[in-house]
Amino acid sequence: LGREQGLMYRESLDENAGMLFIMPNEQIQTFWMKDTKISLDIIFIFSDWKIAGYSENTQPFSKARIAIDKPTKYVLEVNAGFCKRHGIQPGDKIIYHPAE
């Protein structure tokens, strides 16, 4: 899937799965839920892999812009409620091991 499509059109997402967006620049990142059938938590991550903030329980099919007021390099989409279930907070550090 490409960055523009993200998780659009998916019927479900495994509990511990998600989609990581690696953006070309650290800047204000803006997402929307148009054509996305499942509710998501969208986690915005600084270039040092610390969580800047997140938007919980996004509304499927919404054209409303989703962003935070801090420039970020990475964005992670996971199932709605993931942040709450796992106690994720701004300032937490992400550990990322790229697949080979």
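Reader: What do the values rest on?
Author: Residues are numbered from 1 along each chain as its sequence is written, and side-chain values use heavy atoms, with hydrogens and water left out. The model is predicted, with local features needing pLDDT of at least 70 and side-chain atom pairs counting only at pLDDT 80 or more, whereas totals for chains, interfaces and linings use all residues.

Reader: Which strands stand at the edges of the sheet?
Author: Strands are DSSP runs (E, at least two residues) numbered from the N terminus, and two of them pair if DSSP finds at least two bridges between them. The open sheet of four strands has the order 1-4-2-3 with antiparallel pairing. Each edge strand has a single partner, so one side is left without a neighbour in the sheet, and these are strand 1 (18-27) and strand 3 (51-55).

Reader: How are the rings of tryptophan 49 and tyrosine 74 arranged?
Author: Rings of Phe, Tyr and Trp (its six-membered ring) pair if their centres lie within 6.5 Å, and planes under 30 degrees apart count as stacked, over 60 as edge-to-face and the rest as tilted. Here the centres are 3.8 Å apart and the planes stand at 15°, so the pair is stacked.

Reader: Is tyrosine 74 buried or exposed?
Author: Buried means under 20% relative accessible area, exposed over 50% and partly exposed in between, with a 1.4 Å probe and protein chains only. Since tyrosine 74 has 10% relative accessibility, tyrosine 74 counts as buried.
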